[in-house]
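My notes are below, in the order I took them.

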Amino acid sequence: SRSQLCNVADGFKIIVIVDQNKAYQSLDLPLLNRFEKQLLTPKEILTNRHQQIAQRLSEWSQSILDETKLSHFQSVFCGFHDGIISSAVLSACGFEEEYDDDFGFETAKQLLVRISHPLAYLFSKGLQSTPNYDYNVHNANIISGLKFLTSPKTVSSSVARQESHNEGSLGMILTFSPIMDLDRQQLEEDFESSVFILSELTSESHLITILQDFFSKPAKPLPQVLVIQCDPFVCSSSIILHAKYICSHLFSTFCTDPVIAAAAAANKNNKSIIFTVHLPPGFKERERNFSIDFDNLWNYLFIDDFRTASKDALSVDTIVYHSPYELIHDQKVLDYTHTLNLKYQSALSAYMPGECSDSHFFLSRFHRFKSWIAAEGFMELLEKIFFKLLQASSGKDQGGMYTHVRSVCANEIRSGSLRDSLMLSLETLVIQAFANCFCVLDRNFNLCTFDTNNSDAVKLWITMASNPTILDIDTILLSLTLGGSSIVIDPTPSPNTGIFESLVAKFPFSWGIFKIFNSQDTRESFDQIFQLKTTSDASSSSSSSSSDEASKSAAPSDTTADQMKSISRSVFGEEITSLWAKVYEDPQSPKNYESYFFDFVVSSFSHLPGLDFELTYNTIKLLFKAFHPACFSSPAMIHYIHWKTETITFYLLSLLSLLSGTGSVFRMLSSQINSMLNKEVRSTAVVDLISHLFQTLFISIDNSWMRLNHHVLSS
């Protein structure tokens, strides 16, 4: 920079007017320090009467904010800032002494109503009760907004131009629509229009040339409108305000020029200049902000969406005043099946039914989704849970808003106009709801058991999911909630039941069967059924050898397996048990109830030190086979044997855990257990195994004691 001295008169003074933000952010400190600085805002120039009206207007604005339950004034009035109340009062009353206070208050109030957000208007009786202004008409779309701003009634309200020969006006429209939403072809149906984008103008003289050309055009039957589009992200507020000043100056000159007035005597001009300030939501780094200061030359309006809604589309107030369930189920405002097909990856990724180190496992679930949806009965089941969840989550909050509306009000979801934001909020709710549906059905990775290649298996899966005894959907839904910007849900309502490790289920809805058989009532019922039978077996075995006596007294008879199947039928019904028989008892099928046994072991036994899952599983399986050859004949049989052998199972696993540090001896025992599984197992073999374990443990303890004694003596 370069500084040069110059001669000035002795009484020379200079006043520099600069925007407050520019002074604070851009001007050099040496320049600022050379001046006496005064901050001039509309509030500083209010008279006492103005201040009284401003106080009433502030109280009214606060009542609107409280009524709507919105978070801040910017959510109620677009372009709101600390000085907007004062500027509204000055614009409504001016500096004349002859004005009525009530009229000034009502006029200033209408100025704020014109720039209010539609969501605030819909939830505020105070905004709706504003006289002589139809918000639903004037703020509906760009065409209705331009008709209002260019109407003679609106123009005549401007104090400065009552004697003008021009019926047009100066106006500014704020909107959440992006620049490309302005349909120029639609404008030409109602106006003689020209549209320019401010950021594309090369200089101030370029803007002046455009304005002069516009004012020099002859009068037309249709209103003539010059639209200047502004994006605050590209053009700063100071540039927009400077362009506004140039337009005001040339417009006033045009309106008062006597030559033009004489030429327009026969056909009066109707030329308007409209600034559109586009404020679509963007990334945090690309936020757009613009503040309004009212004045009596310009009329201001907020139009949420420039686009005209189609005749078949629901109005915004219908979307706001109806619950998500009513909108999706009854009004069909959103095709939920289409949304699911587009974003099923998001729904499946929104929850975690357990830990799994294999990334390809999760990828395979995405690939199998199409086959799940195509399977008979699956989509019907999904829709049933989906609509139950929507209905359960369709209540209003304390502010009287539905979930999808509250998400928009809290700025959790924003997407352009209010209609766009509401539709995106509904779409997010749909994905959230389906994510919760999958979470309910996919506990312990239960969807992996849905075998779409077997029609009987598909029917069994759907039937079990529809059985409230196994899957009580109504109770589960009580713990699920919808709402917010993220579709990621809390996995707490559907935890993985694996204790030893995270369970990847092999038997459908095994966790629901665990819940039934593990209840105290079920166990007591089993004990009552077999109490007499056990007593009879114990007395009949009194003449047996001592080694066989212990096993036979506890072992069930040959009819036990049939009795267990009978109990299963009484608990789960004939349809489910008959499908179990088709899928898991068919000699031609590779499936059997050992898959249920696997889920049961993972969910019921803890990890003991020194024992991996394979050895734990094989040891428990060995005990079951020794107890009864038909141990895997039904889920009920598996639970019954577990109750009869849980004590000996605990002792056996504890012994193995104690011996896990014996090295080669422990590996020999593990090999012995694995080899016993490959042949028919008798109960005496288990007794022999336990005796051998005790002998090995005593020998190990004795050897350890001798080594310790030798170490003490040698030291």
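**Ground rules.** I am working from a predicted model, in which local features need pLDDT of at least 70, side-chain atom pairs count only at pLDDT 80 or more, and totals for chains, interfaces and linings use all residues. Residues are numbered from 1 along each chain as its sequence is written, and side-chain values use heavy atoms, with hydrogens and water left out.

**Rings.** I searched the whole structure for aromatic pairs and got 43. A pair here means rings of Phe, Tyr or Trp (its six-membered ring) with centres within 6.5 Å; planes under 30 degrees apart are stacked, over 60 edge-to-face, and the rest tilted. I noted one cluster linked by such pairs: Phe507, Phe514, Phe517, Phe572, Trp580, Tyr584, Tyr593, Tyr596, Phe600 and Phe605.

I then looked for charges over rings (NZ of Lys or CZ of Arg within 6 Å of the ring centre and within 35 degrees of the ring normal). Lys244 is over the face of Trp298, 5.2 Å from the ring centre. Arg443 has its charged end over the ring of Trp511, at 4.7 Å from the centre.

**Helix terms.** I describe two packed helices by the angle between their axes and the distance between the axes. Helices (H or I, at least four residues) and strands (E, at least two) are DSSP runs, numbered from the N terminus. Axes are lines fitted to C-alpha atoms, for helices over the stretch in contact, and angles run from 0 to 180 degrees between N-to-C directions. Contact means heavy atoms within 4.5 Å.

**α12 and α13.** Helix α12 (residues 204–216) packs on helix α13 (residues 237–256) at about 30°, with the axes 11 Å apart. That makes the two roughly parallel (under 35 degrees; over 145 is roughly antiparallel, 65 to 115 roughly perpendicular, the rest oblique). From α12 I listed Glu204, Leu207, Ile208, Leu211 and Phe215, which meet His242, Ala243, Ile246, Cys247, Leu250, Phe251 and Phe254 of α13. By class, this contact has 10 nonpolar, one polar and one charged residues (Ala, Val, Leu, Ile, Met, Phe, Trp, Tyr, Cys and Pro are nonpolar, Asp, Glu, Lys and Arg charged, the others, Gly among them, polar).

**α24 and α31.** Helix α24 (residues 510–517) meets helix α31 (residues 635–658) at about 50°, axes 11 Å apart, and the two are therefore oblique. Ile513, Phe514 and Phe517 of α24 touch Pro635, Ala636, His639 and Trp643 of α31.

**α30 and α31.** What angle do α30 and α31 make? Helix α30 (residues 613–627) packs on α31 at about 130°, with axes 9 Å apart. That makes this pair oblique. Residues in the contact include Leu623 and Phe627 of α30, and Ile648 and Leu652 of α31. The classes are 10 nonpolar, five polar and one charged.

**Gln186.** Gln186 and Ile142 are 44 residues apart in sequence, with C-alpha atoms 9.6 Å apart. Leaving aside neighbours within four places in sequence, Gln186 is in contact with Ile143 and Thr308.
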